[in-house]
Amino acid sequence: MLSGSFRLCGGVSQGGVLSPILFILYVNDIIEDLQKQGFGCRIGTRYLACIMYADDLVSLSPSLNA
């Protein structure tokens, strides 16, 4: 199943001095919003909304329709 397309209007310039800090702040807000809205999975008492490695992010869902 694929999500709809969307337009990106901003971003963090690659190689800029502030880029790592701005990226962390931005991604942290995304993860907090996922948790506040209840998206993601629970495994026992652990909440997992996404898995992140470097600049790749995978959002998790307990089912195809969630």
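## Pockets

A pocket here is an open set of points on a 1 Å grid over the protein atoms alone, where a 1.4 Å probe fits, with protein on both sides within 12 Å along at least five of seven lines. Its volume is the space filled by probe spheres set on the points, which are joined across faces, edges and corners. The model is predicted, so local features need pLDDT of at least 70 and side-chain atom pairs pLDDT 80 or more, while totals for chains, interfaces and linings use all residues. Residues are numbered from 1 along each chain as its sequence is written, and side-chain values use heavy atoms, without hydrogens and water.

## The largest pocket

This one comes in at about 370 Å³. Its lining (residues with an atom within 4 Å of a point) has 12 members, with Leu 8, Phe 23, Tyr 26, Val 27 and Ile 30 nearest the centre. The largest share, 4 residues, comes from α1; α1 (19-36) and β4 each give at least two. Helices are DSSP runs of H or I, at least four residues, and strands runs of E, at least two.

## The second pocket and Leu 60

The second largest pocket holds about 180 Å³. Among its lining residues are Gly 40, Ala 49 and Leu 60.

Leu 60 sits in the segment after β4 (56-59). Leu 60 also touches Gly 40 and Ala 49, among others, where contact means heavy atoms within 4.5 Å. Its C-alpha is 5.3 Å from that of Cys 50, 10 residues away along the chain.

Definitions and conventions:
Lists of a residue's contacts leave out its neighbours within four places in sequence.
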